[in-house]
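Here is a short briefing on one structure.

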Amino acid sequence: MEFPTQFADMMMSLPGHAVVLKALADEESPVAIRLNPYKPLLTPDSFSTKVPWEPNGYYLPQRPRFTFHPGLYDGSFYVQDPSAMITGEVLRRIVGDSTVPVNYLDACAAPGGKTTSAMAVLPPGSFVLANEYALDRVTALIENLERWGIPGYAVSRADARDLACLGSVFDIVSADVPCSGEGMMRKNSIALSQWSPGLVESCAELQRNIVEAVWQTLRPGGYLIYSTCTFNRIENELNAEWIRDSLDAIPVDLGLSDLPGVTPGVDTTIPCARFVPGNIRGEGQFVAVFRKPSDSPAVSSPKHRPLKTVAIPPILAEGYVGVTDKNGDIYALNRSHLDMLSLLASKINIVTPGVHIFSSKGSDFRPAPALASSLLLKDGSFPVIDVDYRTAMAFLRGEALRLETDTPRGYILVSNNGHRLGWVKNVGSRANNLVPPSRRIRSSYIPESIPVLFAET
């Protein structure tokens, strides 16, 4: 790998630069997955290597063809860079043993790795707003949250710089800000080709604008998690110092730099954590945590009308109510989150107000893909057929299924070894496949057996 001269010069000013540059040039990116603790269908082997800072994270000996693993489609695991898995540990150290639900904002959420990590850690009953501005990235974000299956979220599409209008309503805000992407160069050739000192400066300014806005949404005493996937001090330590000095933010030392291979910030007194290839098995990542002073003035939230709710059949866990979107589709959300969602819907574009449970199809309501993988769905609410692996892959390609003659009419949940994959509608003469075209496997090749995730190294 050939680096831009100015990038190499910049790296020379950082401790351990030779190790980092060698790792970027010579080593392959590690492959890792994070298991869903609420869907314990996959069991690592005793010799599987754990990610040091994520109890549900595992390095894989090689990259399997994830497309052909049923666990990808029901959210049993999420493919994620090991360094990015630090979000879960940050939240574990912030929340501790508290069981009190919190309001959490992921200001730059797509494609959803850090959001799903947070959802697995936050106390039950917490509310998560996953925000993303880029339209194409919103689609991936929604799909990943739906597969993950943990309820209590909404998805918005807004420029993060415009979120200050919400007032001080969040207990924790995560700002994994857009950056120059230096830490992803060995995974993404675009990050290498587009790098320039001008890009670094423009990213740093954008990051400050985002943080200044989302800081207004944070309640007094709340926490801000600032992170990038880059190496330079301008976007990292210097912006962290700007957050402290300009916003009167209190740096919080969570002891992250004591984790194996993780290093502290460079030439700063702010407690930071640097994840750099060559020192850890992962890509570049920078994290700093701040607390808003308890005596800070809170920004009032605007007045808003209550949301109207609709009746939903008794197929969900207790405490959830239904709301509709402009298309008549029905979403489920925790009753305790109604006021929060009313506020959000009055100020920003809410794309997904909760767990999508039914799509409106004329006078019919069709179970949505999100319902199949949601933890809200009560067992026994729909008939279930468990199919073999080859049939499961054919189903995910959109092919029609042959059902037994005694299969009940109506909507049927299709699964494979407990992995809930989606819906068919049995009309007697045929079973209509309801996997949306955008979510189907496009490959004409299907392996004979399920890809192996865990194997002895």
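A salt bridge here is a side-chain nitrogen of Lys or Arg within 4 Å of a carboxyl oxygen of Asp or Glu. The model is predicted. A search of the whole structure finds 18 salt bridges.

**Salt bridges**
- Asp26 and Lys22 form one, with N to O at 3.6 Å.
- Asp26 and Lys22 sit four residues apart in helix H2 (residues 17-26), so about one helical turn separates them.
- Asp26 is exposed at 54% relative accessibility, and Lys22 is exposed at 53%.
- Glu27 pairs with Arg186, their closest N and O atoms being 3.9 Å apart.
- Glu27 is in the loop between H2 and strand E1 (31-35), and Arg186 is in the loop between strand E8 (170-176) and helix H7 (189-193), so this pair ties together parts 159 residues apart in sequence.
- Glu27 is partly exposed at 42%, whereas Arg186 is buried at 15%.

**Helix H4**
- Arg93 and Glu89 meet in a salt bridge at 2.7 Å, N to O.
- Both residues lie in helix H4, four residues apart, about one turn.
- Arg93 is partly exposed at 33%, while Glu89 is buried at 14%.
- A salt-bridge network links Glu54, Glu89, Arg92 and Arg93.
- Leu91 also lies in H4 (residues 86-95), and is buried with a relative accessible area of 0%.
- Leu91 touches residues including Tyr104, Val121 and Ile225.

**Sheet**
- Four strands form an open antiparallel sheet, ordered E13-E14-E16-E17.
- Strands E13 (320-324) and E17 (364-367) are the edges, each pairing on one side only.
- The twist averages 30° from one strand to the next.
- Five bridges join E13 to E14 (residues 330-334); Thr324 has Ile330 in E14 as its bridge partner.

Notes
Residues are numbered from 1 along each chain as its sequence is written. This is a predicted model: local features need pLDDT of at least 70, side-chain atom pairs count only at pLDDT 80 or more; totals for chains, interfaces and linings use all residues. Side-chain values use heavy atoms; hydrogens and water are left out. Helices (H or I, at least four residues) and strands (E, at least two) are DSSP runs, numbered from the N terminus. Buried means under 20% relative accessible area, exposed over 50%, partly exposed in between (1.4 Å probe, protein chains only). Contact means heavy atoms within 4.5 Å. Two strands pair if DSSP finds at least two bridges between them. Axes are lines fitted to C-alpha atoms, for helices over the stretch in contact, and angles run from 0 to 180 degrees between N-to-C directions. Lists of a residue's contacts leave out its neighbours within four places in sequence.
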